[in-house]
There are 2 protein chains.
Amino acid sequence: MYRLIQQDGHAKSGEFETVHGTIQTPVFMNVGTVAAIKGAVSTIDLNNIETQVQLSNTYHLHVRTGDQIIKKMGGLHKFMVWDKPILTDSGGFQVFSLAKLRKIQEEGVYFNSHIDGRKIFMGPEESMQIQSNLASTIAMAFDECPPHPAEKAYIQNSVDRTTRWLIRSKKEMDRLNNLHDTTNKNQMLFGINQGGTYEDVRIEHAKVISEMDLDGYAIGGLAVGESHDEMYRIIEETVPYLPLSKPVYLMGVGTPANILEAVDRGVDFFDCVYPSRNGRHGHAYTGLGKMNLYNAKYELDDKPIEEGCSCPTCQTYSRAYIRHLLKAKELLGMRLLVLHNLYFYNHMMKEIREAIRSKRYKQYKKQKLEGLMQYNDK
Amino acid sequence: MYRLIQQDGHAKSGEFETVHGTIQTPVFMNVGTVAAIKGAVSTIDLNNIETQVQLSNTYHLHVRTGDQIIKKMGGLHKFMVWDKPILTDSGGFQVFSLAKLRKIQEEGVYFNSHIDGRKIFMGPEESMQIQSNLASTIAMAFDECPPHPAEKAYIQNSVDRTTRWLIRSKKEMDRLNNLHDTTNKNQMLFGINQGGTYEDVRIEHAKVISEMDLDGYAIGGLAVGESHDEMYRIIEETVPYLPLSKPVYLMGVGTPANILEAVDRGVDFFDCVYPSRNGRHGHAYTGLGKMNLYNAKYELDDKPIEEGCSCPTCQTYSRAYIRHLLKAKELLGMRLLVLHNLYFYNHMMKEIREAIRSKRYKQYKKQKLEGLMQYNDK
C-alpha cells in the first residue's frame, strides 16, 4: 500500500506499507547481491546506517547456495537476519549480462550458469518460484533487458514479450501466494517498464502495464550506456504515464547526482552498487564530492572522511588511518568506506524526503548538486 | 606494576597496571599486525569481544606506512582509536622469518624489506626508536630468534648476543622515555628469554635477565617446529627462574590446549594468529573442538556456531548462513568467524582467570581439554 504524502513539482514522497514494515520514499535500497553487502557489512551494521530496504539478487542466489536451501531455512529474512523489507530482482538483468550462451524464446531464457556452466532455464514462472522461495517482501517481474543501442523493431518486439511475461509473472505470483507452504503469502510484485531510449515505446508500455493492478512500477533498461541527459529525458517522459498512487522504481541508478535528478522527475525507489563498489576501491562519497582515500594528501589527515557525518566510520576513524588500511591491503579499510558510503546514500535520501515534504526540493537539489562538485580526487 | 592475585599450583593470575589501564592475567592478546585485526575487525568490534590487549607488529608498521607517520598522528592508540593497552613486538621475529638476505652482526641485522626490497638496518636502538614512535604500552626487547633445530654452540652464541642486545634495548628505552617529544614516556619493556630447546641455556639466560629490572619477561623462540611436549618441558623448566613478581609472556602460542598447558606452568600473556587466521579459512573454535564451516553438514544447520556463546556472531547468525557466505566468497563470512574465534579465546582466558582465582584450575583444565576433543571436522 503506497500513500503519497507530498508532491513538490514532479518530486514525490510517500509511505509504502509492507508486511516487513513501512518504507519512507524516496528510498535507496542497499545492494546485498548474495544475501550480504559486499565489504564484510552485516545486517547488524545496516541497522546503524539508516538502511530501510535491502536488495538481493535472484540469479546469484539461485545459482549458488540455491533458493531451495533458503526456503528450507525460512526465507531470506530469517536466513540473513533482517526483519525490514527486502526486494529481489527477477534475475533477468543478470541472465542478460552475466550468463553465457543465452537463447531467448517465448517461454523464457535458456542459459549457462556463470559459476559452473550448467544449463538453466528461466522464464516468468521460474523467476516467481525462485523469488517466492526467497520470500522477499517485493518481487520483480521477469523481463528482457535489451542491449543498448538496439533497433526500434527489436525493442518493440522485446517490450511486447516483456508484457506477456509480466502477465505470466503476475498469474504465477498470485498462484504462489495462495499455496499453503509459501513463506511470504503477501509477496508483492512490481512490473517493469522497458522501451530503450524510444519514448513512444516507453509511454505505450507504461500505459499498458499501468492497467494491471501491480504493487509498484519500475523503469528498467536505463543506465546501460545511454547519456545522462537521455536517461533523464526518458524518465521525464515515462513517469507521468505510471500511476501516481504507486511507487516508481528506477533500477540500477546511480550517482548522487543521478538520484537527485530522478527524484525531481518522480522516482521513489533506487538501487545501485556504486556506494559499496566504490568503497571497496577506496572512494568515499561526501557532500563535497568523491574522495580517493589512496591519495597521498590524506597520509597525515586526522579529520574524518566527512566532517559532521554521523556514520560509524566518521564517528571514530581518521582519513589517515583509512588510507593506511587501504595501502596495507587490510579489509577493514574497505569495510569502513562501504559503511560510510551506504550511510551517505541513505542519509541523502532522508534529506531528500525532508526537502520534498517541506516543499523546498528544487532549492535542496540545487545546493546539493553544487556541493557535489567541490572535490576532484583522481 | 604486576600484582600476583592467586597461585594455583604453578598457574598464576595477576593484575598488570599500565598507563592504558589494568590487564587481568592470564590474558590473550589479539593480533593486529598492521594496526588492524585481519578479517575486517575494527577496534569498535574489539570492545564487544572482551579484548584486553592488542598486539601490533613493529616490523610491518615500520616497512609500510611507517612509524614516523604514526608518531605524527599521535601514536598507535590515537591512530587506530584504541585506548586500552597495546604491546608491540621488537620486529626481531619478522626480520628473521620474513625479511630477505639478512646478515646478523653484533650491532644488529641488515636485511631487505619483504615489501619493496629496500635495505634496512635494525638493531636494539632502532627497534626501541620505532616502538617509541609507535608509543605502544609495552615494548619488546630486540632479540635474535635462532632457527630450529640449531647446534648448542650456535644457540649459546646467539643467546649471549641477545643478552647484550637486551642491555642496549633497556638503555635506549630509558633514554627515549626521557625525551621531551616522546608520546608515551611510560613505555614499558619486556625482556625475552631464548635458548632453543636446551634447558640449561634457557635457565642460565633466565637467571641473567631476571637480574635486570624489566617490566615483564617473555619466553621466545618456541612453537617454531619443536614438539608440544618439548615446548611444555622448556616452559616448565624455565618459568621458575623468572621473577614471580613479573608477568610471563609466551610468544606466539598457540592452540587452546597449548594455552591451557602453558597457564598451568605459570604463563600470564599469550598471543597467536590462530583465531584470526583459522577464522579466515572457515574454521571456528568451540568448547567442543574446531569446526570447519565449509562442511556440507552445516548447509541447513540453523544453530549458532556455539550454542550459549555470547559473541556478536553467535548472538545473531546461523551456521548455515555463515557456510553460505564462505561458499559465496563473501568477506562477511570470515569476519563473523574471526569475531567468534577472538571472543572464544578472550572468553576462555576469563574462565581460566576465574578458575585460578578460585583455586580449581586443574579441574577446569581437565574438563576443558576433554571438551576440546569432541569435534573432528576436517
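**Figure 1. The largest nonpolar core of the predicted model.** In this predicted model, the largest nonpolar core comprises 200 residues. The residues with the most contacts inside this core are F190(A), L250(A), F190(B) and L250(B).

**Figure 2. Surroundings of L250(B).** L250(B) is one of the residues with the most contacts inside the largest nonpolar core. When neighbours within four places in sequence are left aside, its contacts are I219(B), L222(B), I235(B), A262(B), V267(B) and F270(B).

**Figure 3. The side of chain B that touches chain A.** Contacts between the chains involve 33 residues of chain B and 32 residues of chain A. On the chain B side, two or more residues each come from helix 3 (67-72), helix 4 (76-80), helix 12 (319-327) and helix 13 (331-357). Helix 12 of chain B gives the largest share, 5 residues. Sorted by class, this side of chain B has 20 nonpolar, 8 charged and 5 polar residues.

**Figure 4. The fold of chain A.** Chain A contains 14 helices and 16 strands. Its C-alpha trace spans about 60 × 45 × 40 Å along the principal axes. The radius of gyration of chain A is 20 Å, which agrees with a compact globule because such a globule of 378 residues would have a value near 21 Å. Of the 378 residues of chain A, 55% count as buried. Among contacts in chain A with a separation of 6 or more, 70% join residues 24 or more positions apart.

Methods
Residues are numbered from 1 along each chain as its sequence is written. Chains are lettered from A and ligands numbered from 1 in the order in which they are written. This is a predicted model: local features need pLDDT of at least 70, side-chain atom pairs count only at pLDDT 80 or more; totals for chains, interfaces and linings use all residues. Two residues are in contact if their C-beta atoms, placed from the backbone, lie within 7 Å. Helices (H or I, at least four residues) and strands (E, at least two) are DSSP runs, numbered from the N terminus. Ala, Val, Leu, Ile, Met, Phe, Trp, Tyr, Cys and Pro count as nonpolar, Asp, Glu, Lys and Arg as charged, and the others, Gly among them, as polar. A nonpolar core is a set of buried Ala, Val, Leu, Ile, Met, Phe, Trp, Tyr and Cys residues joined through C-beta atoms within 7 Å. A residue is buried if 20 or more other C-beta atoms lie within 10 Å of its own, exposed if 12 or fewer, and partly exposed in between; C-beta atoms are placed from the backbone. The radius of gyration is taken over C-alpha atoms; the globule rule is 2.2 Å times the number of residues to the power 0.38.
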